[in-house]
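Thanks for coming. I will go through one structure, starting with its core and then taking the helices in turn.

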Amino acid sequence: MTPAQLRMARNALRLGVRELAEKAGISFTTINRFETEKGGLQHSSAEAIRKALEALGVQFLESGQVASGPGVALTVRAGDDGMD
């Protein structure tokens with residue numbers, strides 16, 4: 001999960017940082033630092049966030065995958081593999 005994916009997922013759900021943090025059982029500052037690209041995520045935090053968002057209907061896609069419903073995707077810019 002990239003910071004951009006996390007921001008898009010939260011915005012699609014109209015979910016605040018504090019609300020997501022509560023659902024994921026982690027600190028809202030952890031989410032905020034990751035979204036603003038001021039810090040990475042421990043594996044356990046990333047999994048907690050992913051599971052909370054997936055439980056709310058978010059589908060995370062890897063390059064080349066097709067969504068099972070409406071959504072958005074980022075194109076890869078020259079020199080950028082889309083991963084953080």
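A nonpolar core here is a set of buried Ala, Val, Leu, Ile, Met, Phe, Trp, Tyr and Cys residues joined through side-chain atoms within 4.5 Å. Buried means under 20% relative accessible area, exposed over 50%, and partly exposed in between, using a 1.4 Å probe and protein chains only.

Two remarks on the source. This is a predicted model, in which local features need pLDDT of at least 70 and side-chain atom pairs count only at pLDDT 80 or more, while totals for chains, interfaces and linings use all residues. Residues are numbered from 1 along each chain as its sequence is written, and side-chain values use heavy atoms, with hydrogens and water left out.

Now the core. Which of the 16 residues in the largest nonpolar core touch the most other members? They are Leu6, Leu20, Ala24, Ile26, Ile31, Ile49 and Leu53. At least two residues of this core come from each of α1 (3–13), α2, α3 (28–35) and α4. Helices are DSSP runs (H or I, at least four residues), numbered from the N terminus.

Take Ile31. Contact means heavy atoms within 4.5 Å. Setting aside neighbours within four places in sequence, Ile31 is in contact with Leu6, Val17, Leu20, Ala21, Ile26 and Ile49.

Next, α3. Its buried residues are Thr30, Ile31, Phe34 and Glu35. They lie on the same side of α3, because they cover an arc of only 125° around the axis; the arc is that of the directions from the helix axis to the C-beta atoms. An α-helix has 3.6 residues a turn, so residues three or four places apart point the same way. The cover over the buried residues of α3 includes α1, α2 and α4. Just after α3, Glu37 has a positive phi of about 60°.

In α1, the buried residues are Pro3, Ala4, Leu6, Ala9 and Arg10. Their cover includes α2, α3 and α4. Arg14 follows α1, and its phi is positive, near 55°.

Last, α2 and α4. Leu20, Lys23 and Ala24 in α2 meet Ala48, Ile49, Ala52 and Leu53 in α4. Of the residues in this contact, six are nonpolar, none polar and one charged. Ala, Val, Leu, Ile, Met, Phe, Trp, Tyr, Cys and Pro count as nonpolar, Asp, Glu, Lys and Arg as charged, and the others, Gly among them, as polar.

Lys51 is also found in α4. Buried or exposed, where does Lys51 fall? Lys51 is exposed, with a relative accessible area of 56%.
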